[in-house]
Amino acid sequence: MENLIQLVNKIQRACTALGDHGEESALPTLWDALPSIAVVGGQSSGKSSVLESVVGKDFLPRGSGIVTRRPLVLQLHRLDEGREYAEFMHLPRKKFTDFAAVRQEIADETDRETGRSKGISSVPIHLSIYSPHVVNLTLVDLPGLTKVAVEGQPDSIVQDIENMVRSFIEKPNCIILAISPANQDLATSDAIKISREVDPKGERTFGVLTKIDLMDKGTDAAEILEGKSYKLNYPWIGVVNRSQADINKQVDMIAARKRETEYFANSPEYRHLASRMGSVHLGKVLSKHLETVIKSRIPGLQSLINKTIIELETELNRIGKPIAADTGGKLYMIMEICRTFDQAFKDHLDGIRPGGEKIYQVFDNQFPASLKRLQFDKHLSMDNVRKLITEADGYQPHLIAPEQGYRRLIESCLVLIRGPAEAAVDAVHGILKDLIHKSMSETLASGRLLILSFMYRELKQYPTLKVELGSAAVDSLERMREESKKATLLLVDMEYGYLTVEFFRKLPQDAEKGGNPTHSLFDRYNDAYLRRIATTVLSYVNMVCGTLRHTIPKSVVYCQVREAKRSLLDHFFTELGKKEGKQLASLLNEDPAIMQRRTSLSRRLELYRSAQSEIEAVAWER
């Protein structure tokens, strides 16, 4: 059973070392889940004397006003033999055998945290005492409750101390050791008042009555100690501490304990209670009770620790790994993030993730629709056909067929196709840009794509890299768009640069359609004649549109989609290889808040894993 208290001692020390003091924070706290005994009392209640009596040593600072200004976690370790000594957690390699030096170190360490302003702090001091004269026990000595601020203290000190005490004792795992002086009315006891508020049924409260020997003549505390005046679930324990005169005379604790035992044994009022009175009995009762409480809490503590470890690991995994220290590690990390992003982008295009199908919609719907919206028939109105044919003839009318007129009409129509062709290139470019942003920002959580969630976390983790990578990818798409436009418009230009002769050779060749040179010039440009020209040109243009409807998508895919899949980040990788260590570090310039959060989570996870190992070891021994 003694291992149980030692177990909690280890975990409490680890909590303090890793920043878990039970205060409110965004991190899970293990401190609050550990059973502890908090010593509560008003100033001048004899609280310090009780602790020194349990330990058997003078080691606590004394003085007027508020002396205890930080929680003191006092861990007592029983030795079978050997010289007694003390250790502070903040001075791990220093053993104190002079307990006057222990007293001074408590005062000095308090000032280091709070300054000399007489303020208070919730950060505990850990003191371990090893002695053959103690029981295995852990106590938390809290600042004494007060009603008035003294000079040099803020006006809020009274409420601040009460809030600190309350924050400890209101937790269900805290055992309350309420210290009350017998020479004052119990109804005015600060310790009983605050204990009753947080533990109204007295299920967690042990009452300790001090200064019994200082009560007025004719009065005694028998009814309180018997539980008649104020009943608690556990019997009251009376103690007789050293008087101030004894302290001044440096009466040792062994003699003081002996005199305490004799007092209860020889006092008619308390003789019948003597077996359960005194500081030695108090230490034994508290040690046994603490062991029992710890034993009952271990299953719940294990469950809490296991659950919290999973939560901390999940949160750390979400935040991402820390930055590599060396240049090679930084470069490798950047390359891995980039490759994973590149794969995510390709998955969108290949249909593994949604988005790539929008490109097909451009070719199957948007581009054909834009071709249909081209108003070739209006462009081939009688007036426009007559105008272009006449202009093409120049000063000498055509003899058989207006070939130059045909060419000008066809060219003027095919030029209109450049607009839809450019629009198709721009539409695909827009889709590819959207897929880049989607690949950077979306979160995957299922299937084989879980690995990609790493990349999204990493990009969020490194905003500078995200911006640089996004800019590089968009710049690559811009270059591809320009090349695609050149190739696509070249296809259009080719169509009116060299006409398909076979189309015209298949047309009916009667003289009327070609024009009879014996007819007048007016007849040569009559409406029927011009209409046949317009119809022929429209048929040819529609044939070309049908061809371009298939060839332009091929060009766009080849120049943009295929090239994006093949070399989206090639330029970025080339520039990346030229960067030095500091430049790589700037790309991995992580948000300080994330860095702090990761450090805090890692330390807290270290605490919980350590506690898990310690508890499992003790559980196996049991």
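What follows is a set of questions and answers on strands, single residues and helix packing.

Visitor: What kind of model is this, and how are residues numbered?
Guide: This is a predicted model, in which local features need pLDDT of at least 70, side-chain atom pairs count only at pLDDT 80 or more, and totals for chains, interfaces and linings use all residues. Residues are numbered from 1 along each chain as its sequence is written, and side-chain values use heavy atoms, with hydrogens and water left out.

Visitor: What makes β4 and β9 edge strands?
Guide: The open sheet has nine strands in the order β4-β3-β5-β2-β6-β1-β7-β8-β9, with mixed pairing. β4 (91-96) and β9 (237-238) each have a single partner strand, so one side of each is left without a neighbour in the sheet. Strands here are DSSP runs of E with at least two residues, helices are runs of H or I with at least four, and both are numbered from the N terminus.

Visitor: How do you know that β2 and β6 pair?
Guide: Two strands pair if DSSP finds at least two bridges between them. Five bridges join β2 (residues 72-78) to β6 (residues 137-141), and these strands run antiparallel. Leu72 stands opposite Asp141 in β6. By contrast, β7 (residues 174-181) and β8 pair in the parallel sense over six bridges. The bridge partner of Ile179 in β8 is Val208.

Visitor: Why is β8 called largely enclosed?
Guide: Buried means under 20% relative accessible area, exposed means over 50%, and partly exposed is in between (1.4 Å probe, protein chains only). Six of the six residues of β8 (residues 205-210) are buried, so the strand is largely enclosed by the rest of the structure. Thr205, Gly207 and Leu209 point one way, while Phe206, Val208 and Thr210 point the other way.

Visitor: Why is Ser131 called buried?
Guide: Ser131, in strand β5 (residues 125-131), has 1% relative accessibility and therefore counts as buried. Ser131 touches His77, Arg78, Leu79 and Glu84, leaving aside residues up to four places away in sequence; contact means heavy atoms within 4.5 Å.

Visitor: Is Ser287 buried or exposed, and what makes it so?
Guide: Ser287 has 7% relative accessibility, so it counts as buried. Ser287 is found in helix α9 (residues 279-319).

Visitor: What makes Thr97 partly exposed?
Guide: The relative accessibility of Thr97 is 39%, so Thr97 counts as partly exposed. Thr97 lies in the loop between β4 and α3 (99-114). The C-alpha atoms of Thr97 and Glu84 are separated by 6.7 Å, with the two residues 13 apart along the chain.

Visitor: Why is α10 called oblique to α17?
Guide: Helix α10 (residues 327-349) and helix α17 (residues 463-497) pack at about 50 degrees, with their axes 12 Å apart. Angles under 35 degrees count as roughly parallel, over 145 as roughly antiparallel, 65 to 115 as roughly perpendicular and the rest as oblique. That makes α10 oblique to α17. By class, the contact of α10 with α17 has seven nonpolar, no polar and no charged residues.

Visitor: How do you know that α17 is roughly antiparallel to α21?
Guide: α17 and helix α21 (residues 527-567) pack at an angle of about 160 degrees, with their axes 9 Å apart. That angle makes α17 roughly antiparallel to α21.

Note on methods
Axes fitted to C-alpha atoms, helices over the stretch in contact; angles between N-to-C directions. Nonpolar A, V, L, I, M, F, W, Y, C, P; charged D, E, K, R; others polar.
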